Amino acid sequence: MGKSKLTKRDGFGSKIGVLAAATGSAIGLGNIWKFPYILGENGGGAFLVVYLICIALIGMPLLLSEFIIGRRGKLNPIGSFNKLSPGKPWWIIGLFSIASAFIILSYYIVIAGWVFAYIYRSLTGNLFNVACNEIGSYFDNITSAVGEPIFWAFIVLLLTALIIIGGVKNGIEKYSKLLMPILLIILIILMIHSLSLPGSLKGLSFMFNPDFSKLTSKSILTALGHAFFSLSVGMGTMITYGSYISKRENLPKMAVQVSILDTLIALMSGIVIFPTVFAFGLEPTSGPRLIFITLPIVFQSMQFGEFFETLFFLLIGIAALTSTISILEVIIAFITETYNASRKKAIKISVSIIFLISIPCSLSYGLMKHVTFLGKTFFDILDFTSSNLLLPIGGLFISIFVGFAMKKRDVIDECTNRGRIRIGWLSLFMLCIRIIAPVAIIIVLINGLN
Ligand code: TRP
């Protein structure tokens, strides 16, 4: 114990490893589960346009900002803020990060648990044989039960903990490098199949034909919140990963690559889902159930469907794991670096707390369905406060920190590796971080919240 201060700090071993871990964090249920359903609920194309603008002008610059803070501070979020701005209250942002990490993880593992329940049921052949018109109630039976969803959420947490115990290079990096490319290939196969369905054009036009009359200030807030959620920014995940990135890496390039890959996967996931939704007359506004009732139908309509079904849910499960490890790592880095605790001990404590919070989340779809506050279940409250409040507020302060509190020289040094690389869009980045992001976040928050 306590040796972490003396031995060399763990970190990513290779360029491709960092990229895999950071995209692994970004790509997850946010892309495959959440993006299609909120796109469906918010009217399609117009929402997509707003989302893309949020990613490019706010999310991506923030991702770079988090990398900068992390690599400069070389510590967890609270430690990094303290080190870069000693004696000032900026570390409070880090405190928010830790709180958000607990909240997000507690409900994220519930959804990931549903995915694992599907993996198990498709392995046993059970899922593939459900009739198309019964898949909705089949899904509701799983989520409204007590034991099964809690059990699977626990398994997700356990797997996350097991990978994290291995550390950064041998745990996080090793798994991400192997798993992310497989996900991409399977998505491409599914996309081609989905596009070949009769009626697929309707789905595409829903996604890509913007009807701006459908936009509300709430949906703009949702788009902004989701841009943060999907890129894993606003919560210190990328500060933590940034602290493991070596001085040689090109941070701006990496931020662009992660943002592009993340957006690509979300779009591909939409292209798998919406043509199917329209081809089979499903509701694009089905909410959180959308992929769970759409995907089984996609597979039933394709050759080797049973095989692809198992494989695909397995991959969603894995994509979820590469995200959960990045969220848990924020907490673990904080506990080990602040209290000098061992990784094991930090994991035991945090995992127990997260599991306890996840129970009422899971029950929000069954026993506690009617326990609501302002019309929201426990699950909805965690989802809403984290995506639509904590992440944007976290992002707001991170942008102000990098834009104004850090020395401009230090920011430029981190972006250019002390002048060794040239970045053509540095002033655009500064403009985004100093003005566009903070102003947009404040306006969207004020309008979206009332
Ligand atoms: N980005 C991940 C997804 O899309 C989830 C995630 C990982 C996340 N780390 C995060 C969300 C930090 C918010 C903050 O599924």
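In this predicted model, five helices each supply at least two residues of the shell around the ligand: α1 (15-26), α2 (29-41), α5 (91-123), α10 (217-231) and α14 (305-339). The shell contains 17 residues, of which Ala 26, Gly 30, Tyr 108, Phe 229 and Ser 232 come nearest to the ligand. By residue class, the shell divides into 8 nonpolar and 9 polar residues, with no charged residue present.

A backbone N or O atom of Gly 30 is found 2.8 Å from an oxygen atom of the ligand. On the backbone of Ser 230, a polar atom lies 3.1 Å from a nitrogen atom of the ligand. The side chain of Ser 232 places an N or O atom 2.9 Å from a nitrogen atom of the ligand. On its own, the ligand has 360 Å² of accessible area, and the protein covers 100% of this area. With regard to location, the ligand sits in the largest cavity.

Aromatic pairing was also examined, and the count comes to 24 aromatic pairs. One of the pairs is formed by Phe 35 and Tyr 51, whose ring centres are 5.3 Å apart. Planes under 30 degrees apart count as stacked and those over 60 as edge-to-face; the planes of Phe 35 and Tyr 51 stand at 45 degrees, so this pair is tilted. Phe 35 belongs to helix α2, whereas Tyr 51 belongs to helix α3 (residues 45-73), and the pair therefore ties together parts that are 16 residues apart in sequence. Helix α2 is also among the helices that each supply at least two residues of the shell around the ligand.

How values were computed: Residues are numbered from 1 along each chain as its sequence is written. This is a predicted model: local features need pLDDT of at least 70, side-chain atom pairs count only at pLDDT 80 or more; totals for chains, interfaces and linings use all residues. Side-chain values use heavy atoms; hydrogens and water are left out. A residue is near a molecule or strand if one of its heavy atoms lies within 4 Å of it. A polar contact is a pair of N or O atoms within 3.5 Å; within protein, one must be able to donate a hydrogen and the other to accept it, and residues adjacent in sequence count only if both atoms are side-chain atoms. Accessible areas come from the Shrake-Rupley method with a 1.4 Å probe; for residues, only the protein chains shown count as cover. On a 1 Å grid over the protein atoms alone, a cavity is a set of points where a 1.4 Å probe fits but cannot get out, and a pocket is an open set with protein on both sides within 12 Å along at least five of seven lines; lining residues have an atom within 4 Å of a point. A molecule sits in a cavity or pocket if more than half of its atoms lie within 2 Å of its grid points. Helices (H or I, at least four residues) and strands (E, at least two) are DSSP runs, numbered from the N terminus. Ala, Val, Leu, Ile, Met, Phe, Trp, Tyr, Cys and Pro count as nonpolar, Asp, Glu, Lys and Arg as charged, and the others, Gly among them, as polar. Rings of Phe, Tyr and Trp (its six-membered ring) pair if their centres lie within 6.5 Å; planes under 30 degrees apart count as stacked, over 60 as edge-to-face and the rest as tilted.
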